[in-house]
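Subject: Structure handover

Hello,

Here is the structure we talked about. Please open it and read the notes below alongside it.

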Amino acid sequence: MNGPKIYFTIPLFGGISITQTTVSSFVVMLLLCIAAVVLGKGLQKRPGRRQVLVEKGVTMLYDMVESTMGKHNSYWTPYIGALFLSSLCGTLIGMTGILRSATSDLSTTVTWALMTSVLCWACSIKRNGVGGWLKGFTEPVVVMTPMNIISEVAQPISMAFRHFGNIAGGGVLTSLLYTALASASAMVLGLVGKNLAVSAVVLVLGVVLLVLGFKNRKLAQKIFGVVFAVTGALAMLGLSGVPYLEVGIPGVLSLYFDVFSGGVQALVFSLLTMVYIGNACPPPENA
């Protein structure tokens with residue numbers, strides 16, 4: 001698995017590289033803007049199904065933000081929602097096979113994490129002033145200053161690498177699996193294809209298993225029937241270079257690494273953002 005490919009460079013400010021991550025991020029941003037316009041127009045007092053679903057989602061988001069950050073911080077909800085959807089869609093867009101997942105690039109998650117840290121610092125400065133904010137690095141005692149500074153630096157680093165590591169790691173494992181299955185396909189077809197009689201036997205065995213699978217309603221027999229039948233047919237035709245074993249298995253892993261893991265990481269990143277900003281913006285009576 002390589003880093004993001006550079007499509008071209010804009011000759012400004014020493015060169016601005018337009019990478020796969022840049023394109024994916026802009027496509028996600030464009031799709032989210034279009035979805036916001038489409039889902040937000042034509043609102044009625046007696047809502048239809050689409051409006052009910054949208055209002056339910058927005059209500060759930062506001063409830064989550066208010067329960068985590070407090071009602072006084074409910075105005076952060078649009079930012080948290082945009083961050084969650086950008087993270088989730090930025091991961092899922094890699095399933096298209098055309099665009100690269102934006103979250104598999106460390107620069108994306110680092111940018112989001114730094115935004116969270118800057119927002120926390122801005123809230124602290126707004127509440128306590130610059131002097132009060134700097135004073136927080138020397139509390140409770142002066143000796144703790146290095147630890148407080150390290151804590152502030154480690155916060156965005158941990159957030160960025162946690163998100164990036166899970167998404168990039170899943171992409172690496174999937175790529176390795178594709179390579180292994182391609183090699184396995186060539187090896188199996190090479191062995192079966194050496195003898196035409198063996199290829200025919202494998203094909204017939206696959207057809208028999210497939211018929212029995214439909215007759216007995218056994219999923220395992222259907223799967224093995226398809227594998228044996230396709231193996232025998234490709235071997236008889238001499239198509240040893242077809243990576244047919246890549247079909248199916250990577251798709252199951254993709255459901256975990258792209259859909260489930262992507263959703264979990266987007267939720268965790270959003271929750272951490274809410275916790276950090278919420279701590280920097282306490283209720284007015286505690287300020």
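This is a predicted model: local features need pLDDT of at least 70, side-chain atom pairs count only at pLDDT 80 or more; totals for chains, interfaces and linings use all residues.

Residues are numbered from 1 along each chain as its sequence is written, and side-chain values use heavy atoms, without hydrogens and water.

Helix α1 covers residues 20-40. Helices are DSSP runs of H or I with at least four residues, strands are E runs of at least two, and both are numbered from the N terminus. The buried residues of α1 are Gln20, Thr21, Ser24 and Val28 (buried is under 20% relative accessible area, exposed over 50%, partly exposed in between, with a 1.4 Å probe and protein chains only). Seen down the axis of α1, they fall within an arc of 95°, so they line one face of the helix. The arc is taken from the directions from the helix axis to the C-beta atoms. The face turned away carries exposed Phe26, Leu30 and Val37. Gly42 follows α1, with a positive phi near 70°.

Next, the surface. Ile16 lies in strand β2 (residues 16-19). Ile16 is partly exposed, at 34% relative accessible area.

Last, the loop. Ser101 sits between α3 (77-92) and α4 (106-135). Ser101 counts as buried, at 10% relative accessibility. A polar atom of its side chain lies 3.5 Å from the backbone nitrogen of Gly94.

Best wishes

Methods. The expected span of a helix is 1.5 Å times one less than its number of residues. A polar contact is a pair of N or O atoms within 3.5 Å; within protein, one must be able to donate a hydrogen and the other to accept it, and residues adjacent in sequence count only if both atoms are side-chain atoms.
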